[in-house]
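Reader: I am new to reading structures. Please take one part of this chain, go through it closely, and give the cut-off for each term as you use it.

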Amino acid sequence: MSVKWDAEKEEKEALGLLDNWTSIDLEQSIIMLSDMFTMNTPTTEKPTRPVAATTAIRHRAVEFLKTLKDDELDAILMQLVQAYRYENWSNSELKTLLMERASHNQLLASNLMWLLMVEIDNKVNSKILDKYDMF
């Protein structure tokens, strides 16, 4: 995705094209949840991309993740837990998805709990530890 997000015309065009995608794949969804499209960054005060664009991109990624089976979701759970640090913490579609799926699958719930514990122990996350407590 090579878009000049600070150019309003390019942002609108990119968001329009996002709706035209027939589907995305797993690799694209993980990229769309990365720090390239962050709602929060532990190191800066504001997101690096416009909020509307970032919200739309992250929403598209989570919509794809909803189509995965529990074992497929479990296989990328570590990346998803790490992606949570870039979410809109007050309204995280990713967190909602993970909690809903974990509530119906004991293995997924256990793996999610342990991965969250690792994130909490990670000193790099010291500025956002309370956000992981929201799980």
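**A close look at one helix and its surroundings**

Author: Met-99 is partly exposed, because its relative accessible area is 34%; buried means under 20%, exposed over 50%, and partly exposed in between, using a 1.4 Å probe and protein chains only. The model is a predicted one, in which local features need pLDDT of at least 70 and side-chain atom pairs count only at pLDDT 80 or more, while totals for chains, interfaces and linings use all residues. Residues are numbered from 1 along each chain as its sequence is written, and side-chain values use heavy atoms, with hydrogens and water left out.

Met-99 belongs to helix H6, and H6 is the part to follow here. Helices are DSSP runs of H or I with at least four residues, strands are runs of E with at least two, and both are numbered from the N terminus. The chain has eight helices and zero strands. Of its 135 residues, 37% count as buried.

Ser-92 sits in the loop between H5 and H6. Its relative accessible area is 4%, so Ser-92 is buried. Leaving out residues up to four places away in sequence, Ser-92 touches Tyr-84 and Glu-87; a contact means heavy atoms within 4.5 Å.

Next come the packing partners of H6. Two packed helices are described by the angle between their axes and the distance between the axes. The axes are lines fitted to C-alpha atoms, for helices over the stretch in contact, and the angles run from 0 to 180 degrees between N-to-C directions.

H6 packs with H7 at an angle of about 135°, and the two axes are 8 Å apart. H6 and H7 are therefore oblique to each other: angles under 35 degrees count as roughly parallel, over 145 as roughly antiparallel, 65 to 115 as roughly perpendicular, and the rest as oblique. From H6, the contact uses Leu-98, Met-99, Arg-101 and Ala-102, and from H7 it uses Leu-108, Ala-109 and Leu-112. By class, these are six nonpolar residues, no polar ones and one charged. Nonpolar here covers Ala, Val, Leu, Ile, Met, Phe, Trp, Tyr, Cys and Pro; charged covers Asp, Glu, Lys and Arg; the others, Gly among them, are polar. Met-99 and Leu-112 are 13 residues apart along the chain, and their C-alpha atoms are separated by 8.8 Å.

Helix H7 also holds Met-113. With a relative accessible area of 40%, Met-113 is partly exposed. Met-113 and Val-81 lie 32 residues apart in sequence, and the C-alpha to C-alpha distance between them is 9.9 Å.

Another partner of H6 is H3. The angle between H3 and H6 is about 15°, with 9 Å between their axes. H3 and H6 are therefore roughly parallel to each other. H3 passes H6 in a right-handed crossing; a crossing is right-handed if the near helix is turned clockwise from the far one by less than a right angle, and left-handed if anticlockwise. H3 brings His-59, Val-62, Glu-63 and Leu-65 to this contact, and H6 brings Glu-93, Leu-94, Leu-97 and Arg-101. These residues divide into four nonpolar, one polar and three charged.

H3 has a further partner in H1. H1 and H3 pack at about 15°, with their axes 10 Å apart. That angle makes H1 roughly parallel to H3. Here the crossing is left-handed. Glu-11, Leu-15, Leu-18 and Asp-19 of H1 meet Ala-52, Ala-53, Ala-56, Ile-57 and Arg-60 of H3.

A nonpolar core is a set of buried Ala, Val, Leu, Ile, Met, Phe, Trp, Tyr and Cys residues joined through side-chain atoms within 4.5 Å. The largest one has 26 residues, and Leu-33, Leu-65, Leu-73, Leu-80, Leu-94, Leu-98 and Leu-112 touch the most other members. Two or more residues come from each of helix H1 (8-20), helix H3 (51-65), helix H5 (77-83), helix H6 (93-102) and helix H7 (106-121). H3 contributes the most, with six residues. Leu-80 touches Leu-94 and Leu-98, along with Leu-33, Leu-65 and Leu-73, not counting residues up to four places away in sequence.
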